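I set out below what I looked up in this structure, entry by entry.

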Amino acid sequence: MAARLTGREALHLLPSLRADPLAAISELTRTHGDLVCVPLPRGNQLTLTSRPELVSHVLVGNQDNYRKARTYRPLTEVLGNGLLTNEGESWARQRRLVQPMFARRRIDAFAPAMVDAASTAMDRWATLGEDSVVDVADEMSALTLDVVGRALFSTDLSGEASEMAPALETVLESFVKVVRHPLFMLVPDYHRWPTPARLRARGAERHLRGVVDGLITARRAVPSDPSDTSGREDTDLLDALLSARDDDGEPLDEQQIRDELMTFLLAGHETTANALAWTLLLLSRHPDARDRLVAEVDDVLSGRAASAADVTKLEWTSAVLSESMRLYPPAWMIEREARDSDELDGIRIPAGSIVATPPYLVHRNPEHWPNPEGFDPHRFLPGAADRHRLAYLPFGGGRRQCIGGGFAMLEAVLLLATITQRFELDLVPGHQPQALTAVTLRPANGIPMMLRPR
Ligand code: HEM
């Protein structure tokens with residue numbers, strides 16, 4: 001079903017679209033169907049679709065016509081020419097250079113560091129005593145920052161974490177403030193205005209860049225070992241970025257390496273943290289699913305530490321995570337901007353207008369997901385019913401899909417299995433976690449949970 005709002009309807013919608021975009025787009029879809037066109041001031045237009053066929057057209061079939069939307073611009077201020085925000089030939093060259101670092105074999109090599117990070121966190125929980133309460137939103141954030149630190153830099157960032165986590169948060173908060181400001185759509189460089197939020201973010205960016213620069217400088221200062229004839233592969237992503245060469249033998253320049261590391265730090269940390277935090281919440285609400293998880297983890301691991309080789313056997317664990325990311329996709333929104341005019345099921349898409357393909361709504365489209373609001377990991381077990389390729393897109397689609405998807409799934413499965421081996425967690429009675437649409441879909445008021453050692 002396709003619908004076009006009148007100018008008057010659109011004007012009424014704007015305040016709620018800014019205040020609570022998730023509620024606003026959910027309501028739009030409920031009322032008008034899976035393709036809605038919203039005329040905006042000054043001839044702009046927002047087209048919202050949760051129909052997988054149309055999402056596929058935008059992100060895959062006709063992707064040459066769609067660039068990242070202007071809503072990504074404030075992120076460009078922070079991430080420069082990193083993979084997430086770059087465009088065109090410069091992006092393509094970089095993606096070619098970086099892609100091999102995310103090959104299965106290379107990612108699997110990070111598994112011991114991931115499990116080690118999780119075990120360290122579990123050892124700390126073990127000192128807290130029975131029925132202690134932890135906020136799993138904060139805990140998962142610290143844990144995935146630890147993993148990213150080890151994988152990127154082979155460094156224990158836990159010393160820096162107390163400052164880095166709030167700095168990352170400030171940057172992301174400022175992004176949301178800027179993008180939701182009424183002037184954002186009207187003034188092309190509003191995101192550069194020195195508003196209080198922007199100034200706070202600049203301070204936080206400087207801090208993060210300082211940490212990244214320090215790590216690059218320290219690595220460059222270590223002379224390569226001439227006696228090392230092992231032909232060993234790079235040990236972490238920083239090594240890999242420093243030694244990457246394109247077809248002409250050219251390395252990445254210093255700025256690009258910095259931008260890429262900032263991108264991995266930002267893109268690779270909160271997303272996975274949120275996926276895990278929502279999963280722990282859902283498990284506490286679905287004891288049957290949790291019992292089956294415990295049984296699988298005990299059966300596959302028999303009490304030993306998890307490894308990359310276990311992941312294919314941890315089918316229910318993976319299915320639980322996939323189903324959790326269906327209901328709470330960390331990247332809840334994906335937006336593109338049309339280069340030339342196009343058409344989606346009879347709706348005209350003018351050049352320069354925005355098309356939104358939110359995974360949150362695609363994943364709850366009742367045409368493609370029976371009982372869309374229900375938590376049912378069976379949907380993701382091997383042999384489950386076929387579905388449209390773009391009916392499920394937690395990692396996006398087309399050329400710009402997440403480069404870290406394999407890394408994230410490996411990490412999430414290993415972390416969840418390690419947590420499950422040691423603890424059962426129950427939501428503190430009476431607490432109602434709310435989804436907040438920041439850059440990622442995160443719990444607005446934390447997820448306090450009681451720890452029960454197993
Ligand atoms: C559960 C965890 C994660 C989720 C849900 C997620 C989701 C996504 C999505 C939806 C996109 C595409 C955005 C778009 O098309 O506009 C994306 C891109 C990207 N992600 Fe992830 N991501 C996750 C973890 C990671 C990790 C662990 C890393 C790196 C270590 C990472 C690095 C990136 C990068 C560099 C891009 C840009 C790729 C490009 O445009 O070439 N992500 N991610």
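The notes begin with the basis of the values and then go through the entries in turn.

**Basis.** I worked on a predicted model, in which local features need pLDDT of at least 70, side-chain atom pairs count only at pLDDT 80 or more, and totals for chains, interfaces and linings use all residues. Residues are numbered from 1 along each chain as its sequence is written, and side-chain values use heavy atoms, with hydrogens and water left out.

I looked up which protein atom donates to the iron atom of the ligand, and found Cys402 (SG), at 2.3 Å, as the only protein donor. Donors here are N, O and S atoms within 2.8 Å of the metal (3.2 Å for Na, K and Ca); water is not among the atoms, so sites may look incomplete. I placed Cys402 in the loop between helix 16 (359-362) and helix 17 (405-422). Helices (H or I, at least four residues) and strands (E, at least two) are DSSP runs, numbered from the N terminus.

I traced an open sheet of six strands with the order 1-2-3-9-6-4 and mixed pairing. Two strands pair if DSSP finds at least two bridges between them. I noted strand 1 (2-4) and strand 4 (66-68) as the edge strands, each pairing on one side only. From one strand to the next, the twist averages 25 degrees. Axes are lines fitted to C-alpha atoms, for helices over the stretch in contact, and angles run from 0 to 180 degrees between N-to-C directions. Helix 1 (residues 7-19) packs on this sheet and touches strand 1, strand 2 and strand 3; its direction makes about 95 degrees with that of strand 2. Contact means heavy atoms within 4.5 Å.

Val38 stands opposite Leu46 in strand 3. In the loop between strand 2 and strand 3 I found Asn44. Asn44 counts as buried because its relative accessibility is 19%; buried means under 20% relative accessible area, exposed over 50%, and partly exposed in between (1.4 Å probe, protein chains only). Leaving aside neighbours within four places in sequence, Asn44 is in contact with Pro39, Arg70 and Met185.

Five bridges pair strand 10 with strand 13 (residues 448-453) in the antiparallel sense, and Leu427 stands opposite Met449 in strand 13.

**Helix pair.** I checked how helix 5 (residues 88-98) meets helix 12 (residues 254-267): they pack at an angle of about 70 degrees, with their axes 13 Å apart. That angle makes helix 5 roughly perpendicular to helix 12. Angles under 35 degrees count as roughly parallel, over 145 as roughly antiparallel, 65 to 115 as roughly perpendicular and the rest as oblique. Helix 5 contributes Ser90, Arg93, Gln94 and Val98 to the contact, and helix 12 contributes Gln256, Glu260 and Phe264. I sorted the residues of this contact into two nonpolar, three polar and two charged. Ala, Val, Leu, Ile, Met, Phe, Trp, Tyr, Cys and Pro count as nonpolar, Asp, Glu, Lys and Arg as charged, and the others, Gly among them, as polar.

**Arg209.** Not counting residues up to four places away in sequence, Arg209 touches Val78, Leu79, Gly80, Gln255, Arg258, Asp259 and Met262.

**Positive phi.** I looked up Ser302, a residue other than glycine with a positive phi, near 45 degrees. Ser302 is in the loop between helix 14 (287-301) and helix 15 (315-327), and counts as exposed at 62% relative accessibility. For Asp345, also not a glycine, I noted a positive phi near 45 degrees. Asp345 is found in the loop between strand 7 (342-344) and strand 8 (347-349), and counts as partly exposed at 44% relative accessibility.
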